[in-house]
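Here are my notes on the model you sent over. Have it open while you read.

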Amino acid sequence: MDKLEQYQIAIKQVLTEYHNWVSGAANLTDESCLVSDDNNHHYIWCFLGWDEKKRTNNIQVNVRIKNDRIWIEEDWTEEGIANELMKLGISNLDIVLAFHPPDERKYTEFAIA
């Protein structure tokens, strides 16, 4: 299995687990949605709903594969998607915490770009 396929499988596995876990919650008022685009390498887990008459769209996780690395653009999980991916064998040097400014990424244990 090549690296791209390994990344796609790992990302979808982690996001699917979160989506399935949250979807089973009895008190969930918004709809948990999972979006996977293997052709363009974008993966999003979000909540869609309504706040009175205003439509809500809350992205919990936004991940993409770019330049042979996994770029975590947004992550509002408690455990952290990067940690979940590392449990599946993805190297921390193949993960970019893109939600940090580029000049601050060097202070993390992850790739800078």
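The numbered points below go from the ground rules to the helix, the strands and the cysteines.

1. Ground rules. This is a predicted model, so local features need pLDDT of at least 70 and side-chain atom pairs count only at pLDDT 80 or more, while totals for chains, interfaces and linings use all residues. Residues are numbered from 1 along each chain as its sequence is written, and side-chain values use heavy atoms, with hydrogens and water left out.

2. (The expected span is 1.5 Å times one less than the number of residues; helices are DSSP runs of H or I with at least four residues, strands are runs of E with at least two, and both are numbered from the N terminus.)

3. What α1 buries. Its buried residues are Y7, Q8, A10, I11, V14, L15, Y18, H19 and V22. Buried means under 20% relative accessible area, exposed over 50%, and partly exposed in between, with a 1.4 Å probe and protein chains only. The cover over these residues includes β1 (31-37), β2 (42-51), β3 (54-66), β4 (69-75) and α2 (81-87). Contact here means heavy atoms within 4.5 Å.

4. Strand pairing. Two strands pair if DSSP finds at least two bridges between them. For spot checks, S32 has F47 in β2 as its bridge partner, W50 sits opposite R55 in β3, and I65 is partnered by I70 in β4.

5. The turns. Please look at the positive phi values. The β1-β2 hairpin has 4 residues between its strands, with H41 near 65°. The β2-β3 hairpin has 2, with E52 at about 60°. The β3-β4 hairpin also has 2, with N67 near 50°.

6. I59. This residue is in β3 and counts as partly exposed because its relative accessibility is 30%. Beyond its neighbours within four places in sequence, I59 touches I44, W45, C46, E74 and W76. The I59 and W45 C-alpha atoms lie 6.2 Å apart, across 14 residues of chain.

7. Cysteines. The whole structure has 0 disulfides. C33 is buried at 14% relative accessibility, and C46 is buried at 8%.

Technical notes: Disulfide = S-S within 2.5 Å.
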